[in-house]
Amino acid sequence: MATEIERKFLVKSTDFKQEAFQKNYIKQGFLNSDKKRVVRVRLKDNTGFLTIKGASSANGTTRFEWEKEIDKKEAESLFDLCEKGSIEKYRYLVKIDNHIFEVDEFLGDNDGLLIAEVELENENESFTKPEWLGKEVTGDAKYYNSNLSKLPYKKW
């Protein structure tokens with residue numbers, strides 16, 4: 001169990017791809033997408049995960065998160081129980097100074113959307129913003145993956 005502190009940004013260009021040290025394919029669905037608690041099943045390449053997230057703080061930077069690795073077949077079975085709508089994306093990891101940015105390039109109905117997240121030790125921690133980082137959308141619920149699964153980017 002841990003508290004997750006992160007900030008979320010739109011991405012202005014694909015320049016991050018040349019800086020990435022890792023790329024993974026991710027598919028995820030939601031067993032529960034209530035704003036007070038989200039229960040997510042994820043396949044990251046060939047590894048399954050079950051994740052529970054609590055409600056976000058007022059400014060959207062902090063929330064409880066619990067994650068457990070599960071068998072790929074278990075994850076695939078859980079997708080059958082998920083709410084309608086899923087997320088598919090490529091995640092790129094980019095190291096900028098002492099921070100790792102997770103940049104998601106969404107596929108399917110969210111194609112064209114690029115979002116970067118950076119995890120922090122505390123809400124006031126400073127970090128270097130790369131040139132490709134755009135407008136901050138921390139706390140904007142329409143950019144939460146659970147909401148993108150219901151109201152995709154292409155329908156905005």
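A charge is said to sit over a ring if NZ of Lys or CZ of Arg is within 6 Å of the ring centre and within 35 degrees of the ring normal. By that rule R63 lies over the face of Y144, at 5.6 Å from the ring centre, and the charged end of K142 sits over the ring of W156, 4.7 Å from its centre. This is a predicted model, in which local features need pLDDT of at least 70 and side-chain atom pairs count only at pLDDT 80 or more, while totals for chains, interfaces and linings use all residues. Residues are numbered from 1 along each chain as its sequence is written, and side-chain values use heavy atoms, with hydrogens and water left out.

Because F16 lies in helix 1 (residues 16-19) and Y92 in strand 6 (residues 86-96), the pair ties together parts that are 76 residues apart in sequence; helices (H or I, at least four residues) and strands (E, at least two) are DSSP runs, numbered from the N terminus. Both F16 and Y92 are buried, a term for under 20% relative accessible area, against over 50% for exposed and in between for partly exposed (1.4 Å probe, protein chains only).

Ring pairs link F9, F16, Y92, F101, F127 and W132 into a cluster.

Technical notes:
Rings of Phe, Tyr and Trp (its six-membered ring) pair if their centres lie within 6.5 Å; planes under 30 degrees apart count as stacked, over 60 as edge-to-face and the rest as tilted.
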